[in-house]
Amino acid sequence: MDRIHMPPVGPMDLPLSLLEMGCSGRFELITHPVPDQPLPPQSTLPHGLPPTSLNLETEVEKQFLRDPAWLPIHDTDFAFQRFLKVSQRTVDVDSLLSCTPSPLHSGLSVVRDPTTGMLLDFTEVLLENTDLSAKNSLSLQRQPGPPSESLRGSNTNYPFLPGGMEELTLEQIKKKSELEKEIDFHNDIMKVPPGFKAGMDFTSKDAKIARAEVNLMSLLSTLEEISDLQPEAEEKDEGKQSQEVVKLPRTNSLEDLDIKDAALSTADTGKEEKSKPSENPEEKRKWAIPVDITSPCEDFYKRIPNPAFKWPFELDTFQKQAVLRLEAHDSVFVAAHTSAGKTVVAEYAIALSQKHMTRTIYTSPIKALSNQKFRDFKATFGDVGLLTGDVQLSPESSCLIMTTEILRSMLYNGSEVIRDLEWVIFDEVHYINDADRGVVWEEVLIMLPDHVSIILLSATVPNALEFSEWIGRIKKRHIYVISTMKRPVPLEHHLYTGNSTKTQKEMFLLVDAAGNFLTKGYYAAVDAKKERTSKHAQSFGAKNTSQNTSASQDRAVWLALLHFLSQRQQTPVVAFTFSRARCDENARSLDSMDLTTSIEKAEIHSFFQKSLSRLRGGDRQLPQILLMRDLLKRGIAVHHSGILPILKEVIEMLFSRGLVKVLFATETFAMGVNMPARTVVFDNIRKHDGTGFRNLLPGEYIQMAGRAGRRGLDATGTVIILCKSGVHEMADLHAMMMGKPTVLQSQFRLTYTMILNLLRVEALRVTDMMRRSFSESHRDTQAQEKRISQLKQTLASLPALDTEGQLSDILPYYLTVTELRNTTEALQRAILESVNGLKALSVGRVVVVNNKQHLNALGVILQVSSDAVNRTFTALVICEKGNEEGDGKGNDTAAFVHLQNTALFIPEGSCSHTVQKLKLQDISAITVKTLKVIPDRIIDNYNKRQQPRFRNDPPGQAISTATQELLRLAEANPGGVATLDPVNDLQLKSVDVVEGCMRLRALQESLRAFSCIHSPTFAEQFARIKDRMGVQEELDRLLFLVSDQSLTLLPEYHQRIKVLRSLQYVDGGGAVQLKGRVACQISSHELLLTELLFENVLSPLAPEESAALLSCLVFAQNTQVEPHLTSTLKEGIDRVLSVAKRIGELQRECGLPQTAEEFVGQLKFGLTEVVYCWARGMPFAEIAQLTDVQEGTVVRCIQRLDEVLKEVRQAARIVGDSVLGSKMERASLAIRRDIVFTASLYTH
């Protein structure tokens, strides 16, 4: 506003002034203007008066004297004292500097009189390990952390030291030092100063010398008979040099004792040598020990008079063997079929740990399975707790059931539970084959400390021994492998071709209970099916090839089959169908079937009502629940991932009571739930595995078929395969039923969480984790290290090289020759693989042959073998008389001579010949010449003359002509025949070949310049250097294999570290930064979530919007319905996608194979709207209408979203963003309601 000019203040004017506050048009009246200032209206803007500051006195008064919370009504003195404390505080700067007192390093101990027990004195004892804590040590000696962190640990804790990664003992450090080329003060001291001829002799004179030169004086000084002396000394020397070949003679003679004494005196190296032979067999030992379960275990009750747990039934042999191993505290791997009774092993371990007052952790791959086991074990043992992503029940129990992921985070975060742990039971270990989650099992197995014993329960797998061997090797303990193929209830497999009441009995036995495949049954099924195809179609030979049948055809088949089975009392039936839609359709189509009696109907009804009584009224009326109630009353049910979890549990419980007669299920039912039936039916034997359709694998088939046959109820289990459109191929059926189950394969891969978790602890290296993974289990480091030490000793014992004078360039010469040889070989391979090259190497071509027997000899090709891999050429080669046989005595060095000497071989005496099979390496050049030869005659004649009676016949006409021609060629061109050039003559124009040819010429030129070839001792020295380099090359190869450089995943590890560096999760030295600490908290999509956090993408959003946005991390299906979103959500989605794209592109730049599109494509926003509405309180029935995703999937996603929100909350706390933390908590509360989070029926 413009200033108003006012007249100066008169004596009658009131001293008032106006103050304009800000620009909002507010005015304040100022009654005490500043003296000597004009009174026109004043403004705080643009540079008027500042707004009046808060009056401290009034504020203090308001807060402390007028605040009723501060003024107790009765005890006013107390309030006054409190007020004084606030108002008259002395400043204490030191209180800001807090320093925890250092732990006491000593304690007091009592000294007692040993006879009377009287107190005599106190002495001070020093305490060890007082400075260890969870923040600086991996040791179990460290102090326990705060109780709040005892269960899950904290992400700043160190883990406990994983078993098998022990700190090095002194011996190992000694061994290692030799590998790192450090100085060993006994053997490797350099005695000769550079430039001197001789040096000091450090050996102690009474002992023998450690080197190969025998010092006569020192030998004579130890009283020995000179006759034995030479071999003895050498043997002692070898004993020093190689740990395996200790040949100290075990005699009682004086020499023996003397050697021992001498050895001991050389600084105790001898002691080690003596103990080596006993260790050796151990080094070779196997870690996995197969247990024989064929012979019965007679003395079981003698060996375990009072077992920790008793069963009402007699144990099988394999169970007894396992229990005996557990009593000895050994680790076991039990592989057996589904219903064979592996749980017995787990139960005994739990009972043992209760007896020992320790703890057991039982991990399973699937949450549903965890819940079920919780119910079973709770009934048996009582003291059982459950930890899954969203549930935590009595975590102080002695037996904890949890998913593998939680155990992994407990191990990384150094949870205190690990201290008391005696057993970890891994159920369904064959899940390690799961591409997404298999790596978790491997991480847990590697990270488990040494005091924990491992129990692995698995379906039958072919490579149980190999897998156990791997675990045994990384844990350095024996694993006892107990594997049984016996089924308590044998299975019979049938084909079913019926499709109407008339044909409902058409069931053909294909595999009998003994496991024989009956082809007769197969052909009977084919015939039965044929009869029904119309005569018309048969005459045209039309085969009904389409795999898909219409719904009405399906219905006919199912009705026929189920009538037949219920007549024969073959229920309950599990029908495995490999699509959820098919499951639902099949169940709905059986509307006319009723398989339950009225008593059963009443029981089903009451159980159903009771189970759903927890749900809110509206949720009880969900269409899926009403539909399932109808089906269940008639004894039919559906079980797949689209069904609501609470319904699934109702169905499982009714099924185990035998009230569900027919259950249409997908494959997950066989994986997760241990519920046997009498009959299993396969709707199809093809399934879609995410990429395409394929036949079931034997492992999958056995896992599902194994649900047939209830122990103690059925004599045999029935498996039926439906032939709806046609009978499946016999080969497919045979492969599926009789094939080997899938082998356990490593799915180990690097994840950012794993890398960051290991980087925060100095003592653990990611390469250690990689080296111990199952994918690297083929590395037999022990054997390789042994071989390395052998090779080192061989190297040391080889004669020294003479590199004086003329021979000074022999080493570069060797290297040049080797390169020349490699280049030549590569070129020859290229020629052979080309069309023109093969044409050139045809019958009649003259070639130059070089091998152990021939040097630059001419030969002519007679035959070329047809196999493309190791092609051989039969050729006639000229040679000296008497060298036809070629005993290969010519030493290897000859193979090199032709490289610098191209003069052709011309026999000195009469010319002879030989017919040989040549390898490609033997042909050193292809000449431009060809000869007319008759190959068959030459070969036949030569072979005939190889027999003793024709040995002295003259050679045939064809051979003599060819030999004469070759000799004439050689004499005409003594310096060498013109050869075919691969580039110009054979037209090979690829870069490799052209470069190779040029390099070849350059190398051949350079060979002439070497002086060493003129030395008289060249051949001998060259042979030496060749031996030496051969050993050296093998040594280098082994050293590479043992080193980290040969790890398959090492390049990927470096790429991922590069990604983490550029995003500043770790610094240049590999120390984990704040962002990295946050990412450790998060189990999946760790980079994306951390980036969203640090870019404040979630801050502007409301709690329900942030929950909706994060749903893209847990939802993985494609949806057809387009969600309707608010504008803020759309912006949020765009920001998430741009962050994801940035990370994807960065990963691509750092060399990871995944493209940015693939990385962004993992995020699916199909449930954003659903979650948004759910968080805002919309009832579930309405939400289900918003999307085509099935109810069960929606519930699972929201449950997993809750876990993500918890992780983000933790992460926000680490960053110090309390606003975001409380927002996540609100979001979490908003989605945790009603049917989505009803507690599992198993846990009540």
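**View 1. Strand 9 and strand 10 form a hairpin in this predicted model.** Between the two strands lie 4 residues. Strand 10 covers residues 392-393 and runs antiparallel to strand 9, joined to it by 2 bridges.

View 2. The bridge partner of Leu 387 in strand 11 is Met 402. Along strand 9 (residues 384-387), Val 384 and Leu 386 point one way, while Gly 385 and Leu 387 point the other way. All four of these residues are buried.

**View 3. Five strands make an open sheet in the order 27-26-25-24-28, with antiparallel pairing.** The edges are strand 27 (911-918) and strand 28 (923-930), each of which pairs on one side only. From one strand to the next, the twist averages 35°. Helix 33, residues 957-972, packs on the sheet and touches strands 24, 25, 26, 27 and 28. The direction of helix 33 makes about 65° with that of strand 26.

**View 4. Strand 25 and strand 26 are antiparallel partners within the sheet.** Residues 857-864 form strand 25 and residues 873-880 form strand 26, with 5 bridges between the two. One of the paired positions is Gly 859, whose bridge partner in strand 26 is Val 877.

**View 5. Cys 723 and Cys 1112 are two buried cysteines.** Buried means under 20% relative accessible area. Cys 723 has a relative accessibility of 2%, so Cys 723 counts as buried. Cys 1112 is also buried, because its relative accessible area is 2%. The structure holds 0 disulfides.

Conventions
Residues are numbered from 1 along each chain as its sequence is written. This is a predicted model: local features need pLDDT of at least 70, side-chain atom pairs count only at pLDDT 80 or more; totals for chains, interfaces and linings use all residues. Side-chain values use heavy atoms; hydrogens and water are left out. Two strands pair if DSSP finds at least two bridges between them. Axes are lines fitted to C-alpha atoms, for helices over the stretch in contact, and angles run from 0 to 180 degrees between N-to-C directions. Contact means heavy atoms within 4.5 Å. A disulfide is a pair of cysteine sulfur atoms within 2.5 Å. Buried means under 20% relative accessible area, exposed over 50%, partly exposed in between (1.4 Å probe, protein chains only).
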